[in-house]
Every structure is written in structure tokens, then in C-alpha cells.
Amino acid sequence: MRRDLAVRAALERRLLTPDRPVAALLDLDGVREAATALHSAFAEVTAPGQPVLHTFAVKAASLVPVLRLLDGFGVGCEVASPGELALARAAGLAADRIVLDSPAKTEAELREALALGIALNADSAQELARLDALIADEPTSAPPLGLRINPQLGGGTIDAMSTATPTAKFGVGLRDPGAREWVVRAFVDRPWLTRLHCHVGSQGMALERMAAGVRALYELAEEINEAAGTRRVDTLDIGGGLPVDFASDESAPAFATYARLLRETVPGLFDGRYGLVTEFGRSLLAKSGLVLARVEYTKTTGGRPIAITHAGAQVAVRTVFAPASWPLRIAAYDATGAPKRGPAVRQDVAGPCCFAGDLVARDRALPALEPGDLVALLDTGAYYASTPFGYNALPRPGIYGYHADEATPTTFTTLRRPQTLSELVQEYGGDC
């Protein structure tokens with residue numbers, strides 16, 4: 001209901017126009033509901049007073065207003081580049097609500113994080129050695145520092161998204177010869193090293209394998225603390241990666257389902273001895289977003305109807321290039337913004353990019369689309385705004401947050417202005 005109201009209102013407010021035929025919409029009430037569900041899920045399983053910091057993976061929606069909104073809902077930022085850190089700071093986040101992860105941090109990035117008091121997780125032995133040198137003079141003044149490990153439990157259904165395979169590029173491979181012993185010794189020798197981090201999940205990963213990764217992290221922390229003779233590791237960063245159901249409107253699996261599975265799999269995680277950090281991204285925003293585009297032309301080729309729209313690879317790069325892994329539901333609307341009715345016709349939905357594979361849906365059963373109709377690419381609240389494709393120099397669309405209900409007029413907030421052609425020319429070196 002909120003989605004349909006927002007589509008009609010977007011037309012009335014001229015967020016789509018002949019010269020701006022594509023826009024992205026984000027249901028701000030949906031984002032609030034997701035953040036509330038996350039907090040409630042972990043509150044149900046954690047011990048009274050157990051510290052929990054939920055952070056949002058900035059890569060999933062690198063928009064300052066969204067980060068500011070989530071911060072207001074009690075969700076901090078997980079950043080993985082100097083740019084993402086700059087976005088989090090521009091959103092006004094306090095240093096103790098930011099965590100820095102990246103496999104390629106420069107010395108300058110490390111120095112900045114240390115100076116600002118931002119927690120970070122080293123990704124390798126070489127990075128840990130670099131930190132040794134940087135904090136040698138004042139180790140007690142360093143912010144929380146951790147080490148990322150890879151429990152090497154195997155991948156999921158999307159190879160490119162699998163971060164816990166035997167050869168994944170992230171973290172210290174815990175099953176490599178001598179690696180576990182090296183990690184334990186690294187913590188015993190460094191009183192300032194107090195966190196362990198892993199990120200097993202992502203789209204296509206089974207919840208049971210994600211929970212097994214957290215159990216491996218917990219067991220390693222217990223081993224380190226026993227070897228150190230004290231509670232050296234005091235915080236476990238369990239990452240994020242909860243998958244999203246792209247086949248329906250359901251927010252499944254739910255945060256509560258995952259939290260309860262963690263309690264069953266790793267009961268010691270919730271006895272209050274460890275602080276927790278999470279880094280969810282896609283699961284917080286995906287279901288709240290849509291990309292709305294006008295149908296410019298329709299044709300039939302080889303017996304297959306094709307709708308040529310303004311939403312293709314430039315806004316849905318993963319769906320276009322890996323449709324089996326990243327399928328999207330398509331909703332059809334008429335030129336007034338009302339849901340399109342009529343018999344379903346199998347048809348392709350194509351984008352504007354100048355290559356044959358620029359399709360966001362293939363042989364999809366939808367009401368027969370006509371010029372002037374609208375298509376909505378659903379479940380695009382995460383990653384679709386932060387992974388643009390520059391092919392054909394198409395300007396980036398505007399992104400608008402909305403509040404919609406039947407009792408009051410729908411309101412919009414600009415989250416990112418539509419890119420103008422002059423801005424695009426400048427980006428492509430026009431001022432050089």
C-alpha cells in the first residue's frame with residue numbers, strides 16, 4: 001500500500017519528468033521498522049546490560065542522509081574505505097559508533113582511525129605489524145583494535161559474495177597450517193588487541209553456516225582468553241550478511257530468526273561476558289527501496305515483446321550481469337501511477353544501455369506494457385544506489401525518501417539530487 005501511494009505521489013510531485021525518466025524511492029518507515037526489528041531481535045537474546053553496537057555496512061547505501069537516519073535509529077556505521085569514513089563523519093556519527101574494516105588500509109587510513117578514536121579490525125599479519133609500529137609509543141591510548149579471521153567454512157550459492165571459503169581474500173585463514181596458534185600468540189603478546197571479527201554471511205549463505213562462523217569466532221576468543229590468563233578479547237564483531245528474500249514482499253529471514261539461531265548455536269555469546277558488534281547492510285534497507293522508470297517504447301522481436309525503459313545496467317548492474325544470482329521483482333504501473341491491470345504477457349524489460357544484455361527481466365509475465373507506463377524494480381533499497389555503472393554516461397537518478405499512508409499526503413525527502421548533465425561532464429573530466 002505504501003509503495004503504490006508513493007509511486008502515484010512521485011508522479012504528482014514530478015519526481016519523474018520527460019527529462020528525468022528514472023528515480024529511486026526509499027520507504028523511510030520501512031527503514032525504521034527494520035532497525036527496530038534488529039534491536040528487538042538481539043535484545044531478546046542478550047544478557048541484561050550486555051553491550052551491543054549495531055552498525056550499518058555503508059557500502060550498502062552510501063548516502064549521508066541515510067546514515068544520519070540510521071544513526072537516529074540507533075545504528076552506527078561500518079566503513080571500508082576513506083570515502084565511507086568521510087560519509088559517516090559527514091552524517092555526524094560519533095567515533096565510538098564507527099568501525100573500520102578493509103583488506104587494504106593504507107598507513108594514512110590507520111593513522112586517521114587511531115587519531116579519531118575509531119575502532120578498526122586488522123585484516124592480516126602485515127597490517128597488524130603496521131599497527132605495532134603506529135601505536136608503539138602510546139598503546140594505551142589506542143581505540144578498540146581487533147583482528148579479522150576467516151573460519152574457512154565454505155561458500156554459499158553466490159561465489160563472488162562468499163567470504164569464508166578456503167582462499168577468500170579477507171582475514172586470517174584459521175585452518176591454514178599454524179594460523180590458529182599464530183592468532184592466539186598475537187593476542188597474548190598484544191594487550192591492546194581486544195576484539196575478534198568475522199563476516200561469514202552474505203546473499204546466498206545459509207543461516208546455519210553463518211551461525212557456525214560465529215561459533216568458531218567465539219571458541220577462538222575463549223581459547224585466547226584462556227591462553228592469556230585474562231579476558232583479553234572483550235568484544236566479538238560477528239559481521240552481518242543476513243540474506244534477503246527477493247521473491248516476495250516478506251522480510252525473511254527475520255533478524256529474530258537469526259538471533260535465536262545464534263543463541264541455540266553459541267549460547268555463551270549471550271551470557272554477558274562479551275560485547276557484540278554487528279554489521280548488517282542489505283537486510284536493513286533492501287525491502288524498502290524501488291527504482292521507478294518510464295517505459296519509452298515497446299516492440300516485438302522474434303515473437304518476444306520488449307519494453308524499453310530507462311532503468312537498466314546503470315542502476316541495476318548486478319541484476320543485468322548476474323541475473324540468476326540477483327533477480328528482481330518488477331511491478332507495473334500505468335501512466336497515472338495506478339497498478340497496471342490486464343492479462344499477463346511474457347515480455348522482456350530492457351534498460352537504456354547500448355548493449356544487448358541490458359535486461360532487468362527476461363521472459364517475465366507482466367501486464368502488457370505500453371509507452372508511458374512505469375516499471376518499478378523492487379527490493380532495491382540496498383546496493384543499487386551505491387553500485388552505479390558508468391556505461392553510456394547516463395546521469396545518476398535522484399533518490400527520495402518517503403512517508404506514505406492513506407490518512408495523510410505522501411511526503412518526500414531528497415536523499416540525493418538527480419545528477420545534472422553539467423555535473424556529469426565535470427565528473428568525466430570536462431573541467432580539465
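**Figure 1. The buried residues of helix H2 are Leu28, Asp29, Gly30, Val31, Ala34, Ala35, Leu38, Ala41, Phe42 and Val45.** This view, like the others below, is drawn from a predicted model. Helix H2 runs over residues 28-45 and has 18 residues, and from its first C-alpha to its last it reaches 27 Å, which is close to the 26 Å expected at 1.5 Å a residue. At the N-terminal end, H2 is capped by Asp27, a side-chain oxygen of which lies 3.1 Å from the backbone nitrogen of Asp29. Leu28, which is placed in helix H2, counts as buried because its relative accessibility is 8%, and the cut-off for a buried residue is under 20%. The C-alpha of Leu28 is separated by 9.3 Å from the C-alpha of Leu285, although these two residues are 257 residues apart along the chain.

Figure 2. Helix H8 has 22 residues and reaches 32 Å from its first C-alpha to its last, close to the 32 Å expected at 1.5 Å a residue. Helix H8 is followed by Gly229, a residue whose phi is positive, near 75°.

**Figure 3. A cis peptide bond between Ala252 and Pro253.** As background for this view and the next, most residues other than glycine have a negative phi, and most peptide bonds are trans. The peptide bond that joins Ala252 and Pro253 is cis, with an omega of about 0°. Pro253 itself is found in the loop between strand S9 (235-237) and helix H9.

**Figure 4. Positive phi values at Asp379 and Tyr383.** Asp379 is placed in the loop between strand S16 (374-378) and strand S17 (398-405), and Tyr383 also has its place in the loop between S16 and S17. The phi of Asp379 is near 65°, a positive value in a residue other than glycine, while Tyr383, which is not a glycine either, has a positive phi of about 75°. Asp379 is buried, with a relative accessible area of 2%, and Tyr383, at 12% relative accessibility, counts as buried too.

Figure 5. Arg329 is found in the loop between helix H11 (317-321) and strand S13 (330-333), whereas Thr420 lies in the loop between strand S18 (408-416) and helix H12 (421-427). Thr420 and Arg329 are 91 residues apart in sequence, and their C-alpha atoms are 29 Å apart in space.

**Figure 6. Cysteines in a model with a count of 0 disulfides.** A disulfide is a covalent bond between the sulfur atoms of two cysteines. Why is Cys354 not counted as part of such a bond? The closest cysteine sulfur to the sulfur of Cys354 belongs to Cys353 and is 8.7 Å away, which is too far for a bond, since a disulfide is counted when two cysteine sulfur atoms lie within 2.5 Å. By this rule the count for the model comes to 0 disulfides. Is Cys354 buried or exposed? At 60% relative accessibility, Cys354 counts as exposed, whereas Cys77 is buried, with a relative accessible area of 0%.

Key: Residues numbered from 1 in each chain as written. Predicted model: local features only at pLDDT ≥ 70, side-chain atom pairs only at ≥ 80, totals over all residues. Heavy atoms only, no water. Buried < 20%, exposed > 50% of the residue type's maximum accessible area, 1.4 Å probe, protein only. Helix = DSSP H or I, 4+ residues; strand = E, 2+ residues; numbered from the N terminus. Expected span 1.5 Å × (residues − 1). Polar contact = N/O pair within 3.5 Å; in protein donor to acceptor, adjacent residues only side chain to side chain.
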